[in-house]
Amino acid sequence: MSARRLAAGNVSGYPQAEGGGIGLSGPARDGYLTIRGGAGGIAVQLEELTGGAEKLDSLAADLLAAETEVGRIGEQLGMIAGAAPWSAAPHVAAVRNSQWSLRLVRQEMQQLSTRIRDCRREYELAEWRADAVRFLGFAGVADIRGSMATMAGTGVPDRSSVEGLVSTLGLESADTRRRIARAPQLRDLLMGFLRPRPLQLRQEETLSVALDSSPAGLLERVRLIDARGAGFIEILAVGAGPAKTYVVVVPGTQAAGSRMGGENPFDEAGIAEGMFYGSAEIDAAILSALRAAGAEPGASVVAVGYSQGGIHAMNLVADPRIRHEYNVGYVLTAGSPVAGINAPPGVGSLHLEHRADWVPGADGTPNPDTRDRVTVTLGSPPVAGPGEGGLGAGHSLSGYENGARLVAASSDPSLVSTTAALGVLLGAGGSATATRFQLTRSRELPRRAPATEPRGRERGLGGR
């Protein structure tokens, strides 16, 4: 049984449920990997408990109907034979015994259903108690102290300390972003010159490439498109004929220096566009790029992004404009704060975070634990590659590529399931056609802010 499955006893620091016997296990662990969500996630198991109880209730209802019908048949037999329903006549006794057997099985099913529901309530009570402790500030104080201690030692906080600090201060992006996004004038006032502007799209080249379709191979495409130049994205056409899948590759933040908010949409101002404007202009440009790359309506789309690019990738799969035209199937992010953005049900997602990387904790809340969504926290020693480490070694793309290789090699049920879903869309890799586009911000601000709404949870697209 997975370590993430429901377990007896007090496990991984979770409080015991009332009665002392039941607690929640922590996320699954596989070497340096800590896994939440997916087919083996805690929340999924709780949903399965309820589903199992509902099926037992349905079966019990069917048995009750059969029990009632057998009783009616017994009464009719007694009338025909001139014997009471409780007589020892063999044919009457056989029917009567059948009715009692059905009753016993039905009662056992109903009792089992009740115990399953009680079990779920105890698990939920344990979670509530843990959340209550955090809400009252005890965990928050520890997070603040941990963040200060970490920064004192390395100069850079880690993911959990920043996540806890942001949450304790009430700055969770999911809530803050919802309020700001619903008040466009306030949003534009706060964002000022960081407001998104329309983008110009220019196709630069199309070439054949050898594609490694594993998570690590897709993150390598991020490295290559980032090296191509400022403002570039890549659309990979994988497969042949009408069954092609198109992979959208979005780079991380490309530092603007003193020209933040300039022509490059992936500079620091792009973070504000992703967090507060739903990547409206980026999505529109990517939609045009998909069409220019030959993606027919209904084609499958996979989105891949690192750091800021992961925010845009999640916004892309949540954008109704994209989903109206294409079959969005999967999103892969690395080092991205995306807890407040939810893909529609059925869209698989894999999120890589490093314990020493503060960036994915900047939204102040963990990613949802759902069947479609898997979050992997890497605990390996952070090592930055050449030219990396500006935001700390834990945020390096090289480290996430190494972590992605561990994900592909893992036997954890959630990871096996999510990597298999990616494999169904992209196959084993091989030759692919890469079309590269450069995106450039216009010089003028739009007269009106893009008419977008918050994505995911705020739009009712599933999730938390």
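Biologist: What makes S6 and S12 a pair, and in which sense do they pair?

Modeller: S6 and S12 pair in the antiparallel sense, over seven bridges. Two strands count as a pair if DSSP finds at least two bridges between them, so seven bridges meet the rule. One example: Ala 237 has Thr 433 in S12 as its bridge partner. By the way, this is a predicted model, where local features need pLDDT of at least 70, side-chain atom pairs count only at pLDDT 80 or more, and totals for chains, interfaces and linings use all residues. Residues are numbered from 1 along each chain as its sequence is written, and side-chain values use heavy atoms, leaving out hydrogens and water.

Biologist: Which sense does the pairing of S6 with S7 have?

Modeller: Antiparallel, over five bridges. Ala 237 stands opposite Tyr 246 in S7, and Ile 235 has Val 248 as its bridge partner there. S6 and S7 form a hairpin with six residues between them, and Gly 239 in the turn has a positive phi of about 100°.

Biologist: Why is S7 called largely enclosed by the rest of the structure?

Modeller: Because six of the six residues of S7 (residues 245-250) are buried. Thr 245, Val 247 and Val 249 cover one side, and Tyr 246, Val 248 and Val 250 the other. S7 also pairs with S8 (residues 300-306), in the parallel sense and over six bridges; Val 249 stands opposite Val 304 in S8.

Biologist: Which sheet do these strands belong to?

Modeller: An open sheet of 10 strands with mixed pairing, in the order S3-S4-S11-S10-S9-S8-S7-S6-S12-S5.

Biologist: What makes S3 and S5 edge strands?

Modeller: Each pairs on one side only; S3 is 28-30 and S5 is 199-211. Neighbouring strands of the sheet are turned by 20° against each other on average, direction ignored. S5 is joined to S12 (residues 430-441) by 12 bridges, running antiparallel, and Arg 202 has Gln 438 as its partner in S12.

Biologist: Which strands does H10 touch?

Modeller: H10 packs on the sheet, touching S7, S8, S9, S10 and S11, and its direction makes about 155° with that of S8. Contact means heavy atoms within 4.5 Å. H10 (residues 308-318) is mostly covered, with 11 of its 11 residues buried.

Biologist: Why is H8 called roughly parallel to H10?

Modeller: Their axes come within 9 Å and cross at roughly 30°. Angles under 35 degrees count as roughly parallel, over 145 as roughly antiparallel, 65 to 115 as roughly perpendicular and the rest as oblique, so H8 is roughly parallel to H10. Axes are lines fitted to C-alpha atoms, for helices over the stretch in contact, with angles from 0 to 180 degrees between N-to-C directions. Gly 270, Ile 271, Gly 274 and Met 275 of H8 meet Gln 308, Ile 311, His 312 and Asn 315 of H10.

Biologist: How do H7 and H12 cross?

Modeller: The axes of H7 (residues 215-228) and H12 (residues 397-409) come within 7 Å and cross at roughly 160°. That makes H7 roughly antiparallel to H12. Their contact includes Leu 219 and Arg 223 of H7, and Tyr 400 and Ala 404 of H12. H12 itself lies across S4, S8, S9, S10 and S11, running at about 125° to S10.

Biologist: Last one: why does His 91 count as partly exposed?

Modeller: Its relative accessibility is 39%, so His 91 counts as partly exposed. His 91 sits in H2 (residues 90-135).

Note on methods:
Helices (H or I, at least four residues) and strands (E, at least two) are DSSP runs, numbered from the N terminus. Buried means under 20% relative accessible area, exposed over 50%, partly exposed in between (1.4 Å probe, protein chains only).
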